[in-house]
Amino acid sequence: MNKTLKILLWIFGSIAVLFTLLIILNNYLEKKIKSTIQKELDSSYIQYSEIDVDIINRNASVSDLKFKRGKFNVTAKEIELAAFNYSDYFLNNKITIGEIVLNVPTIILEPSDSLPKNRKKADQKFKENITIKKFRVSNGIMKIKDSSSVQGSLYIDIKNLDLNGIMVNSKTLEGVLPFKYDSYSLKSDSIFYGLDADHDLSVGKLGIANSDVIMSDIKIFPKFSKSDFDKRQKVEKDRMNLEIKKVNIQNFGWNFEKDTLELASPKINIDAAIWEIYRNKLIPDPTTIKPLYSKLLREMGVKLKFDSVVIYNSHITYEERVKEDRASAIFKFGQINATISNLTNVGMDRKDFPETKLSAKAKFMEEANISMDLVFKVSDLNDNFHVSGNLYNLSGSDMNGILKPEMNILAEGQIQSVYYNFYGNDNAAEGATQLKYEDFKIEVLRKDGQKKNKILSGLVNLVVNNNAKNKNLTQSDLKIQRVKTKSFWNYFWLCIRAGALKSFI
């Protein structure tokens, strides 16, 4: 046998031995990793049909995943694990995975009323350090269900959910969220939430990337017609129909601080909202106290820190039914552009806690220009506020959609301007108005709402102060008591009405 042949035989023999060793090592590692996965799955009450391990490509997959523990239920077509780090696992007892993909999952959660107790003690036995560079949920559905009804239930269609830089250890398991992450992104084509017994909420599309949230086609819609809605109510309640074209929440952040959820954003943009509100005043008044906005924010179960909320090109229609035999009164606010600054209830004990400010402009009854500025401090236990603004060029004919249903009267003439300025708190308000009008006349209608009652109309117009033509009528030292079972907007209306009545009569 010549020297060349010996060398070749030695080379091929070495390759064969090496190949055999690789096969043996591959089988050993495959069985070891497969056994480890199987052990972890079995100890976690996870059912599955098959485990597949690919040592060469450092991948693994588990098919037909099923997990149920308490009120948490997960099923998935497949979970894939990619780029498993062998050296970390065998040398350092650390689990490092490049990517986990959960395909076509259905995640169902029925939350309890309280957070789990003694979590720290329960998780002391957890010794592993797990790092997952990327976790993805693909084409999934999440349901957070109220066990008693559809009300309070949340359904999310998840197109893609990515969590990057996940770390799990005994310390993270002590928190409300049992892991830490560096960043996340989400795409959803549909969200549904049972808002209350009479309304549902839906979102057409939701996208979260680089901490920016974009939502479109947002709706709050009633479950019942107006007549059926009224039949269901024991006391007055607003029937709402809200559509928002787009909401953009910039640099959105959230966190749990002492088991309390905190939400934050430097700027929120709300574009093209259309809000229709209906209320039947023939139903008995509610007897519960309605807090002013400062108290409402102060006592919220969620902490907010929104530096600026900007509303563009929006519309509000408020419809109020006051008489069985009359059409509803309709209040219209169009072309609304508003800014809310310092919408926050975080850090209320600090001395430099900021004032919350609302500044808004709109068209009232499609003709009159109206503006409003509202200032209050959430940390103020007295709920002090300051509201001021103006209104220009409101004709009597535009007011008749309100005056006829509410008071069975019609108006002629023009309110040229109204200025108002009030300071108040939870109990009472004081302030002033300045009103200017021209040739203002009132027609009192008969009970049928069609024909003019000439005698009453004449008497009313005798007391209308038309000698004030083209003059600014200032009414100062106005004092108004708040009706605490009614909203801030009723309180605000009582202030304006007090000044108007003194000016007209």
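## Helix 6

In this predicted model, helix 6 buries Gly-396, Met-399, Asn-400, Ile-402, Leu-403 and Pro-405. The helix covers residues 396-407, and its end C-alpha atoms are only 14 Å apart, whereas a straight helix of twelve residues would span 16 Å at 1.5 Å a residue. Just past the end of helix 6 comes Asn-408, with a positive phi of about 60 degrees.

## Aromatic pairs

Let's turn to the rings. The structure has 13 aromatic pairs. In one of them, Tyr-181 and Tyr-184, the ring centres are 5.7 Å apart and the planes stand at 85 degrees, so this pair is edge-to-face. Tyr-181 is partly exposed at 24% relative accessibility, while Tyr-184, at 17%, is buried.

## From cluster to surface

Phe-385 and Phe-488 are part of one aromatic cluster that also includes Tyr-293, Tyr-420, Trp-489, Tyr-491 and Phe-492. Where does Tyr-293 lie? This residue is found in helix 5 (residues 293-298), and at 33% relative accessible area it is partly exposed. Together with Leu-296 and Trp-489, Tyr-293 makes up a nonpolar surface patch with about 290 Å² of accessible area.

## Salt bridges

How many salt bridges does the count come to? The count comes to 17. One of them joins Arg-136 and Asp-162, with N and O 2.6 Å apart. Arg-136 sits in strand 6 (residues 130-144) and Asp-162 in strand 7 (residues 154-168), so the bridge ties together parts 26 residues apart in sequence. Arg-136 is partly exposed at 26%, but Asp-162 is buried at 8%.

Glu-236 pairs with Lys-281, their closest N and O atoms being 3.2 Å apart. Glu-236 is in the loop between helix 4 and strand 11, and Lys-281 in the loop between strand 14 and helix 5, so parts 45 residues apart in sequence are tied together. Glu-236 is buried at 5%, whereas Lys-281 is partly exposed at 29%.

Arg-279 and Asp-238 form a salt bridge too, at 2.7 Å from N to O. Here strand 14, which holds Arg-279, is linked to the loop between helix 4 and strand 11, which holds Asp-238; the two residues are 41 residues apart. Arg-279 is buried at 10% and Asp-238 partly exposed at 26%.

Technical notes. Residues numbered from 1 in each chain as written. Predicted model: local features only at pLDDT ≥ 70, side-chain atom pairs only at ≥ 80, totals over all residues. Heavy atoms only, no water. Helix = DSSP H or I, 4+ residues; strand = E, 2+ residues; numbered from the N terminus. Expected span 1.5 Å × (residues − 1). Buried < 20%, exposed > 50% of the residue type's maximum accessible area, 1.4 Å probe, protein only. Phe/Tyr/Trp six-rings, centres within 6.5 Å; stacked < 30°, edge-to-face > 60°. Patch = residues over 30% accessible without salt bridge, like charges linked within 9 Å, V, L, I, M, F, W, Y side chains within 5 Å. Areas by Shrake-Rupley, 256 points an atom, 1.4 Å probe, with all protein chains shown as cover. Salt bridge = Lys/Arg side-chain N within 4 Å of Asp/Glu carboxyl O.
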